[in-house]
Amino acid sequence: MIAGESALEVAGRLLIVGYFLVTGVSNLTRARIEDHVARMVAAGLPLARPAFWLGIALQLTGCTLLATGWRPDLGAACLIVFTVAATAIFHRFWRLQDPLARNFSRLMLLNNTGLLGGLLLLFAHTSQGGTP
């Protein structure tokens with residue numbers, strides 16, 4: 001727990017951690033790794049495999065820092081960078097032809113935009129010496 005943090009703030013921080021932890025760990029199966037790398041290559045990303053592992057490292061490092069309360073500002077920053085990069089790579093909905101896939105990708109972009117808003121608030125509170 002971060003000093004001075006209310007139960008509501010702890011719950012909010014841990015819900016953010018839970019979201020990113022579950023998605024990060026679920027992407028570590030061989031099939032999911034290969035799927036992500038193939039999609040990154042298709043999006044034109046150079047060095048897709050190292051970029052995938054960098055993303056996982058950012059995601060899990062951010063989760064660890066936020067869950068432990070040690071340098072939560074850096075944890076939030078890791079997840080901000082991860083979210084912006086993942087959204088830019090995987091949710092270019094305007095390029096999709098299939099209406100269902102386009103709508104799903106657009107919704108995921110909007111979902112990530114909301115997550116980004118929460119992460120920015122968390123970063124603002126923790127980087128100024130306050131509590132989340």
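User: Buried means under 20% relative accessible area, exposed over 50% and partly exposed in between (1.4 Å probe, protein chains only). Which residues of α5 are buried?

Analyst: This is a predicted model, in which local features need pLDDT of at least 70, side-chain atom pairs count only at pLDDT 80 or more, and totals for chains, interfaces and linings use all residues. Residues are numbered from 1 along each chain as its sequence is written, and side-chain values use heavy atoms, with hydrogens and water left out. Helices (H or I, at least four residues) and strands (E, at least two) are DSSP runs, numbered from the N terminus. In α5, the buried residues are Ser 105, Leu 109, Asn 112, Leu 115, Leu 119, Leu 122 and Thr 126.

User: Which helices do the buried residues of α5 pack against?

Analyst: An α-helix has 3.6 residues a turn, so residues three or four places apart point the same way. With contact taken as heavy atoms within 4.5 Å, the buried residues of α5 pack against α1 (7–26), α3 and α4.

User: What is the relative accessibility of Leu 122?

Analyst: Leu 122 is found in helix α5 (residues 99–127). Leu 122 and Glu 9 are 113 residues apart in sequence, while their C-alpha atoms are 9.6 Å apart in space. Leu 122 counts as buried because its relative accessibility is 6%.

User: How far apart are the end C-alpha atoms of α5?

Analyst: The expected span of a helix is 1.5 Å times one less than its number of residues. The 29 residues of α5 should therefore span 42 Å, which agrees with the distance between its end C-alpha atoms, 41 Å.

User: Are α4 and α5 roughly parallel or roughly antiparallel?

Analyst: Axes are lines fitted to C-alpha atoms, for helices over the stretch in contact, and angles run from 0 to 180 degrees between N-to-C directions. Helix α4 (residues 72–90) packs on α5 at an angle of about 160°, with the axes 9 Å apart. Angles under 35 degrees count as roughly parallel, over 145 as roughly antiparallel, 65 to 115 as roughly perpendicular and the rest as oblique. The relation of α4 to α5 is therefore roughly antiparallel.

User: How many nonpolar residues does the contact of α4 with α5 have?

Analyst: Residues of α4 including Leu 79, Ile 80 and Val 84 meet residues of α5 including Leu 116, Leu 119 and Phe 123. Ala, Val, Leu, Ile, Met, Phe, Trp, Tyr, Cys and Pro count as nonpolar, Asp, Glu, Lys and Arg as charged, and the others, Gly among them, as polar. Besides six polar and one charged, the nonpolar residues of this contact of α4 with α5 number 13.

User: At what angle do α2 and α3 pack?

Analyst: The contact involves Ile 33, Val 37 and Met 40 of α2, among others, and residues of α3 including Phe 52 and Trp 53. Helix α2 (residues 30–42) and helix α3 (residues 48–68) have axes 9 Å apart and pack at an angle of about 120°.

User: Which helices are included in what covers the buried residues of α3?

Analyst: The buried residues of α3 include Ala 48, Phe 52, Ile 56, Cys 63 and Leu 66. Their cover includes α1, α2, α4 and α5.

User: Is Leu 47 buried or exposed?

Analyst: Most residues other than glycine have a negative phi. Leu 47 has a positive phi, near 55°, and is in the loop between α2 and α3. At a relative accessible area of 68%, Leu 47 is exposed.
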